[in-house]
Amino acid sequence: MKYERELKKAFSTSIPVMMGYTVLGFAFGLLLVSFNYDWYIAPLMSLFIYAGALQFVAIGFFNAKVGLVDIAIASWFINIRQSFYGLSLLKRFKKTGSFKNYLIFGLTDETYALLTTIKDDKQLSKKHYYVFLTALNQSYWFIGSTLGALVGTGLSFNTEGLEFSLTALFVVLCIEQYKNLQNIMPFLIGLIASICALILVPSDKMLISSIGISLILLFLFKKKIENELR
Amino acid sequence: MNNYEIYLAIAVMSVVNYLTRVFPFIFFRKHEPPKFVVYIETYFPPVIMTILILYTLKDIDFSNAPYGLKEILGVVFTAFLHLWLKNYLVSIFSGTIFYMILVQYFV
């Protein structure tokens, strides 16, 4: 094969992600079909959306029959951290030609981390290496979620409480965020905004209202937040 | 949702997700992002993560017994495991199994 070296290097780099994506993808597929959705919804989502946290939250959107506009706004804010990944990759992606769109589409947290931390090897064709790495990562997520959905459809065990995997995922992500930021203010704002929204609005508008309230709070307390000891 | 509504929702999420990722390639190719954008970028992710924790618990009744105690225990257990072992797969899986045991075997 013409680009065998690139594929081999991409594969060895992607191994840490393989474990995480297959297992988490499996959990996603299992959770999705536990609400009696068809198994093929899982691979469809992993193929076209390809975003971990958003796909998990989407199950909640399906259950609550959330409107499309609300889904669009909530998705944007859930993924807002990814809106800035590209900044550090502008140069790297410049000469990737027709692959560029796929590379941008595949910029998950983990793929971004691999792409920015690896050392460049002059002998490798970079764009092929990037594409293999991105595609391998997506294939792990795709395979994991498809298997989870298929296994979940075949099995009939008591899945009550399985939805907590989503809560646990966000607890873990929250702790990781705190380690990076070392500033308690944004977490307090998120907490206050959610509690207000829980009390004031019906639960199907809770996410979108919390986002609105927290944005207002973020700008009201901008000085205090930025001056907080880091 | 029925399958048709789900396909529409998937289409919307696919487009928005791609737009969030392509955003800097369109807008910041030539100039630096404005200050308020950098501010949101730095401080909004922790805000949304906190909101999402409560969002996943929005249908829990905290005003009647058992006052959301199982959920609180589940969150504390998951956080404890994660601070201790620092392995996100272990934390998520053990936390979920812990919670499933709580809701399935303890009334």
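Read along the sequence, chain A runs α-α-α-α-α-α-α-α-α-α-α: eleven helices and zero strands, where helices (H or I, at least four residues) and strands (E, at least two) are DSSP runs numbered from the N terminus. This is a predicted model, with local features needing pLDDT of at least 70 and side-chain atom pairs counting only at pLDDT 80 or more, while totals for chains, interfaces and linings use all residues. Residues are numbered from 1 along each chain as its sequence is written, with chains lettered from A and ligands numbered from 1 in the order in which they are written.

Along the principal axes, the C-alpha atoms of chain A fill a box of roughly 60 × 50 × 30 Å. Of the 230 residues in chain A, 44% are buried (20 or more other C-beta atoms within 10 Å of the residue's own; exposed is 12 or fewer, partly exposed in between, with C-beta atoms placed from the backbone).

Turning to chain B, 70 residues of chain A are in contact with 55 residues of chain B, contact being C-beta atoms, placed from the backbone, within 7 Å. Helix α8 (residues 164-181) gives the most to that side of chain A, with 15 residues. By class, the side has 49 nonpolar, 16 polar and five charged residues (Ala, Val, Leu, Ile, Met, Phe, Trp, Tyr, Cys and Pro are nonpolar; Asp, Glu, Lys and Arg charged; the others, Gly among them, polar).

Ser83(A) sits in the loop between α4 (68-78) and α5 (100-105) of chain A. Ser83(A) counts as buried because it has 23 C-beta neighbours inside 10 Å. Leaving aside residues up to four places away in sequence, Ser83(A) touches Thr20(B), Phe23(B) and Pro24(B).

Notes
Two residues are in contact if their C-beta atoms, placed from the backbone, lie within 7 Å.
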